[in-house]
Amino acid sequence: MIDRLELLTNRYNEINEELLKPEVLSDFNKQKKLSKEKGGIEEAVNKYAEYKDLVSEIESLKELVMDPEMHEIASIELDEKKDKLASLTKEIEILLLPKDENDGKDIIMEIR
């Protein structure tokens, strides 16, 4: 999961760099294509950044748990962060599921 998120983050950064190039700015179709791709991965990239921040906070709290004065407060906060990490991991897994190419298209359904 982490490897795939790293690849998405790298691609997201590449797209941002591409969108700043003059030849892409002058080509509307390429700009539209890149913007659509960026929009498709942006939420996963943002959640991954949140995930990395949360993991570093948990590591810091683990160090604070060893401190006798901060043990109680740090352990309560550590439990909260671990719960948040578990729910964030589930959200990321859902975001990484392959999307159907027809998801964004309109349909007409007749109910009889």
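Contact means that heavy atoms lie within 4.5 Å. The exercises below concern a predicted model, in which local features need pLDDT of at least 70, side-chain atom pairs count only at pLDDT 80 or more, and totals for chains, interfaces and linings use all residues. Residues are numbered from 1 along each chain as its sequence is written, and side-chain values use heavy atoms, with hydrogens and water left out.

**Exercise 1.** Determine where K81 lies, whether K81 is buried or exposed, and which residues K81 contacts.

Solution. Step one: K81 belongs to helix α4; helices (H or I, at least four residues) are DSSP runs, numbered from the N terminus. Step two: K81 counts as buried because its relative accessibility is 18%. Here buried means under 20% relative accessible area, exposed over 50%, and partly exposed in between, with a 1.4 Å probe and protein chains only. Step three: with neighbours within four places in sequence left aside, K81 is in contact with L54, E57, I58 and L61.

**Exercise 2.** Carry out the corresponding analysis for K47.

Solution. Step one: K47 is located in helix α3, which covers residues 28-65. Step two: K47 has 19% relative accessibility and therefore counts as buried. Step three: apart from neighbours within four places in sequence, K47 contacts L88, E91, I92 and L95.

**Exercise 3.** Describe the setting of E37, and state how many residues separate E37 from V24 in sequence.

Solution. Step one: E37 is part of helix α3. Step two: a relative accessible area of 30% makes E37 partly exposed. Step three: E37 and V24 stand 13 residues apart in sequence, and the C-alpha to C-alpha distance between E37 and V24 is 14 Å. Step four: beyond neighbours within four places in sequence, E37 is in contact with R11 and I15.

**Exercise 4.** Identify which residues form the patch of negative charge on the surface and which form the nonpolar surface patch.

Solution. Step one: patches consist of residues with over 30% relative accessible area and no salt bridge, like charges being joined within 9 Å and nonpolar side chains (Val, Leu, Ile, Met, Phe, Trp, Tyr) within 5 Å. A salt bridge is a side-chain nitrogen of Lys or Arg within 4 Å of a carboxyl oxygen of Asp or Glu. Step two: the negative patch gathers E77, D79, E80 and D83. D83 sits in helix α4, residues 71-95, and D83 counts as exposed because its relative accessibility is 57%. Step three: L64, M70 and I73 make the nonpolar patch of about 250 Å². I73 is placed in helix α4 and, at 55% relative accessibility, counts as exposed.

Methods: Areas by Shrake-Rupley, 256 points an atom, 1.4 Å probe, with all protein chains shown as cover. Lys, Arg positive; Asp, Glu negative; His and termini not counted. Charge placed at Lys NZ, Arg CZ, Asp CG, Glu CD. Helix = DSSP H or I, 4+ residues; strand = E, 2+ residues; numbered from the N terminus.
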